[in-house]
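User: Please take me through some of the terms used for this structure. I would like to know what stands behind each one.

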Amino acid sequence: MTKRIFRAVCITSVTVLLASIILIMGVLYEYFNEVRKNQIKSELSLAKNAVEAEGISYLEKLEKSDYRLTWIDKSGNILFDSQSNSENMENHLEREEVKKAFETGSGESERYSSTLTEKMIYCAELLDDGTVLRISASQLTVLTLFLGIAQPIAIVFVIALVISFFFASRISKRIVEPLNSIDLNNPLENDAYDEISPLLSRIANQQKQIKLQENELNQRKNEFLAITSNMNEGLVLLGKDKKIISLNPSAESFFTSESDCTGKSFIEIERSSEIIRSLEKAELNDTSEVQINRNGRIFQLNISCIRDTGELSGFVILIFDITEKSDSENRRREFTANVSHELKSPLQSIMGSAELIETGIVKKEDMPKFIGNIRSEATRLLTLINDIIKLSQLDEGTVLPEQEFDLYSLIKENIDILKDLAEKKNISVSLKGESLNIKSIRPLVSEIVYNLIDNAIKYNIENGKVNVTVSEDDKGVYFSVADTGIGIPAEYQERVFERFYRVDKSHSKETGGTGLGLSIVKHAVQDIGADIKLESISGKGTVVTVRL
């Protein structure tokens, strides 16, 4: 603080001194400039009268001085110059002061030299015979004037600085001395400035609060150290009376409680009968577990008792979010059950047909029908196995190389592959757009295109249409597959990308669908970092857009 006061006083003094010097310099400059102009005008007036009376003879008799006289005719040519040969001088008709003299009878102008340290003043007057007589003389600039009095200014400046430093040092010490002598242990007993009395009062109040809080923290410190802290999961610390000692942010979010609930009974922030029973069970058995569904998530609460020499001293509640683990386990069980069922169905059909053929029950004319059934079911089984293998490969997260290719050509290739399937159902497949080169994982993009067009054909109506469009906008490249098929009801649209999920299982069996096509599409879209959007109206058709 002493330094700040010292600097403030010094800066103020120096600023005032500099402002005074600048003001004085300005006044002096204006004064000397006006005096010089009046002298030049007086000399010009005398010279004008003499030239009109005696002519050039007067000018030739003049002795050299710091004034320069120039006589100019009506055309701007120099008739006489007191310091230069008039024959070698340029025309002066366009000079500002000369021009004004011809127009108004008199003219003035000022011009600086190249060094900016000297200024020339020019005055011109029109003579009776129509010629112009001009006088010029040098006038010192502000810089020259400053340099001329620089020494006394420097002396005054140094003296002022010394005086400023002396008084600044004394003033700052006198101001700070009462502050340095304040007794902070007894702030209300100090006799200091009235201005800092409110501050001393606040310090005294804070000291009282700190002492109270210190006692309270010391009381809780032993309980807190006996439990544990700094958990990444949700953590609740309860005293033996089941009052809250601490909650971390994850626990606050789980219980939707406020951060200032310390000291409240646990039942005030959580009234779930399952958690309360689990807490009572932990009190009897030292530990307990309970799973809770909350806000669409699954949580596991592990409750442990803390005992000190056999006496209950508190509880620790750890909260784990096991949603992903539970969902993964459910998906694994569901996938296993679905795979078993899907593999079992075609195998039973194949075995039944083969058994009938083997026992000779099938008539000769019915043999092609049963053999065809075996072939179609075997094809369905092979397709299912291939889709399961593809999903397994996508689940493994194998990194495939990216390459540049033409999206339009890739889609056309897949349409050609599915041409026979479309012709069997009298489905017309069209492709619109233009060649667009993209850089992505070609096999995965091809898998997406194939499955979307395959679905559009399989779940279409007889003589239906499939329109594939490739385009580009300000958001990037995209393609869409639109069909005139059976559509998907709104309540099922969020689940169609799940594995083995079918909206109409009977229709899927007729078409030979495995229920994995859109799951493969979803995984492939995620792997290439694309976005997929499904729009469908039941009975009218579906549009699927993939933005790359």
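This is a predicted model: local features need pLDDT of at least 70, side-chain atom pairs count only at pLDDT 80 or more; totals for chains, interfaces and linings use all residues.

Analyst: Residues are numbered from 1 along each chain as its sequence is written, and side-chain values use heavy atoms, with hydrogens and water left out.

User: What makes β9 and β10 a pair?

Analyst: Strands are DSSP runs of E with at least two residues, helices runs of H or I with at least four, both numbered from the N terminus. Two strands pair if DSSP finds at least two bridges between them. β9 (residues 297-308) and β10 (residues 311-321) have 10 bridges, in the antiparallel sense, so they count as paired. Phe 299 stands opposite Asp 321 in β10.

User: Why are β7 and β8 called edge strands?

Analyst: The open sheet has 5 strands in the order β7-β6-β10-β9-β8. β7 (244-247) and β8 (287-294) each pair on one side only.

User: Why is Asp 286 called partly exposed?

Analyst: Buried means under 20% relative accessible area, exposed over 50%, and partly exposed in between (1.4 Å probe, protein chains only). Asp 286, in the loop between α9 and β8, has 35%, so it is partly exposed.

User: What makes Asn 463 exposed?

Analyst: Its relative accessible area is 54%, so Asn 463 passes the cut-off for exposed. Asn 463 lies in the loop between α14 (442-458) and β14 (465-473), and has a positive phi of about 65° although it is not a glycine.
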